[in-house]
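Have a look at the picture first, then read on.

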Amino acid sequence: VDHRRTITYIKPNIFIVSDLMDPDDDTLSNNYKQIWHMHPEANISYSDEEKIIRSNFSEGANVILASADTETVSVHEELGWCARAYAKVEEAPFAYFEKRSAGETYLDTVIMPNNDDDTAAVTAERLETKSTATAIKFDFVQRGSAYKGYFYLSYDGEGGTFGPYETDAKTAFVQLDAAGKLRGLLIKEGSFVREK
């Protein structure tokens, strides 16, 4: 299986991790796990229904991870190991998104930091697009304000459509506020993003 990972940072605090798995044999079903290791004190929690993994440190920063594969992914927690120092290993839980699929398979995760914000939330969903491209829509709340994001990533460098938008870019991102007003735009290796 050929694996390609792209990490996109959208200022000031959104990360999108996109994995593409392309097996030699498209007829075989494969099992993929996108594993998220955290510090032993992270007090990991997850929701298989919402497709969310969270860290829950008692103080300081936390993160929320939302899978875009709401229909095809499951969320699990297992016990692993953490080495805090040389020859000092302890048990530590980790969580992962799991997907079984044949042929080209995408796993996309939106990561949002949560710094003592009780309103913080993020949900994601996959959008239809051409092959060798991934597109997601995600809703997020930060400091009580709601936003919507549309993300497009082409693995072959060609543009396409994502939700209500089209682009000629390899990567594009559109951010809207709760009223639908444009808040931000990101384009990489392209010249336009426009409404269809």
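Which residue in β8 is the bridge partner of alanine 85? That would be lysine 88.

## Before we start

This is a predicted model: local features need pLDDT of at least 70, side-chain atom pairs count only at pLDDT 80 or more, and totals for chains, interfaces and linings use all residues. Residues are numbered from 1 along each chain as its sequence is written, and side-chain values use heavy atoms, with hydrogens and water left out.

Strands here are DSSP runs of E with at least two residues, numbered from the N terminus. Two of them pair if DSSP finds at least two bridges between them.

β7 and strand β8 (residues 88-102) pair in the antiparallel sense, over twelve bridges. They belong to an open sheet of three strands, in the order β3-β8-β7, with antiparallel pairing. On the edges sit β3 (29-37) and β7 (73-85), and each of those pairs on one side only. Direction ignored, neighbouring strands of this sheet are turned by 30° against each other on average; the axes behind such angles are lines fitted to C-alpha atoms, and angles run from 0 to 180 degrees between N-to-C directions.

## A hairpin and a patch

Now for the start of the chain. A hairpin joins β1 to β2 through three residues. The two strands run antiparallel, with nine bridges joining them, and isoleucine 10 has isoleucine 14 in β2 as its bridge partner. On to β9 (residues 105-115): seven bridges join β2 to this strand, again antiparallel, and phenylalanine 15 has isoleucine 111 in β9 as its bridge partner.

Is β2 mostly covered or mostly open? Strand β2 (residues 14-22) is mostly covered, with seven of its nine residues buried, where buried means under 20% relative accessible area, exposed over 50%, and partly exposed in between (1.4 Å probe, protein chains only). Isoleucine 7, in strand β1 (residues 2-10), counts as exposed because its relative accessibility is 57%. Together with Tyr9 and Phe15, Ile7 forms a nonpolar patch on the surface, with about 290 Å² of accessible area in total. Nonpolar patch members have over 30% relative accessible area and no salt bridge, and their side chains are joined within 5 Å. A salt bridge is a side-chain nitrogen of Lys or Arg within 4 Å of a carboxyl oxygen of Asp or Glu. Areas come from the Shrake-Rupley method with a 1.4 Å probe.

## The five-stranded sheet

Another open sheet has five strands in the order β10-β11-β12-β15-β16, with antiparallel pairing. Its edge strands are β10 (121-126) and β16 (182-188). From one strand to the next, the twist averages 15°.

How values were computed
Patches are made of residues with over 30% relative accessible area and no salt bridge: like charges are joined within 9 Å, nonpolar side chains (Val, Leu, Ile, Met, Phe, Trp, Tyr) within 5 Å. Helices (H or I, at least four residues) and strands (E, at least two) are DSSP runs, numbered from the N terminus.
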